[in-house]
Amino acid sequence: MSDGTDADYLAYVHGRMATLRRWAYLLSGDTHQADDLVQETLTTVYSRWHRVSRADNIDGYVHRILVRTFLNERRRGWWKVRLFGDATPEQQSGSVNVEERQVLRAALTRITPSQQAVLVLRFLCDQSVADTAQALGVSEGTVKSQTKHALTAMRRILGERMPNLTLEVSR
């Protein structure tokens with residue numbers, strides 16, 4: 001726990017920037033939108049830092065803000081502001097099968113934003129059901145049912161390709 005100073009905020013941001021950017025990219029599938037999501041999340045966190053810094057689970061609190069920001073942006077659209085270099089979190093983490101990643105990303109955009117968020121958090125960000133529920137502000141049962149519905153939709157969208165793809169292609 002910190003004392004809520006600007007120095008503590010900056011230390012937190014520097015320590016978590018890569019993770020926040022990865023989560024935002026996995027949620028949005030676009031580096032520019034990920035930049036926007038991170039920027040808006042960090043602005044919100046800064047404006048509430050005195051309260052956020054006293055939370056028992058600061059990361060959970062910030063991740064919840066990020067996911068809520070993503071879901072809100074999906075409802076109202078977003079604008080592009082470039083904040084980072086050209087390297088995506090996927091490029092930084094090593095080689096992945098580009099074709100599989102593109103197929104998976106295209107399929108993810110065809111399901112609802114909440115289902116997309118559940119799959120990304122559960123399978124790409126390795127979050128538990130409880131952590132996903134906390135980040136989304138829903139019950140664990142809702143996460144389980146959203147996961148089931150999202151996987152069913154992905155199987156319908158991907159058809160024969162589903163067994164060949166894993167939701168871990170972005171790691």
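Is Arg 16 buried, partly exposed or exposed? Work through the exercises below to find out.

This is a predicted model, in which local features need pLDDT of at least 70, side-chain atom pairs count only at pLDDT 80 or more, and totals for chains, interfaces and linings use all residues. Residues are numbered from 1 along each chain as its sequence is written, and side-chain values use heavy atoms, with hydrogens and water left out.

**Exercise 1. Classify Arg 16 and Asp 59 by accessibility.**

Step 1. Recall the classes: buried is under 20% relative accessible area, exposed is over 50%, and partly exposed lies in between (1.4 Å probe, protein chains only).
Step 2. Arg 16 has a relative accessible area of 31%, so Arg 16 is partly exposed.
Step 3. Asp 59 has 24%, so Asp 59 is partly exposed too.

**Exercise 2. Find the salt bridges and say what each one ties together.**

Step 1. Apply the cut-off: a side-chain nitrogen of Lys or Arg lies within 4 Å of a carboxyl oxygen of Asp or Glu.
Step 2. The structure holds 2 such bridges.
Step 3. One joins Asp 59 to Arg 16, with the closest N and O atoms 2.9 Å apart. Asp 59 sits in helix α4 and Arg 16 in helix α1, so this pair links parts 43 residues apart in sequence.
Step 4. Arg 21 and Asp 35 form a salt bridge at 3.1 Å, N to O. Arg 21 belongs to helix α1 and Asp 35 to helix α2, so this pair links parts 14 residues apart in sequence. Helices here are DSSP runs (H or I, at least four residues), numbered from the N terminus.
Step 5. Check burial: Arg 21 and Asp 35 are both buried.

**Exercise 3. Describe the largest nonpolar core.**

Step 1. Define it: buried Ala, Val, Leu, Ile, Met, Phe, Trp, Tyr and Cys residues joined through side-chain atoms within 4.5 Å.
Step 2. The largest core has 47 residues, and Val 67, Ile 111 and Met 154 have the most contacts inside it.
Step 3. Helices supplying at least two core residues each include α1 (6-28), α4 (58-76) and α9 (140-158). The largest share, 9 residues, comes from α1.
Step 4. Look around Val 67. Leaving out residues up to four places away in sequence, Val 67 touches Leu 27, Ala 117, Leu 121, Ala 135 and Leu 136. Contact means heavy atoms within 4.5 Å.
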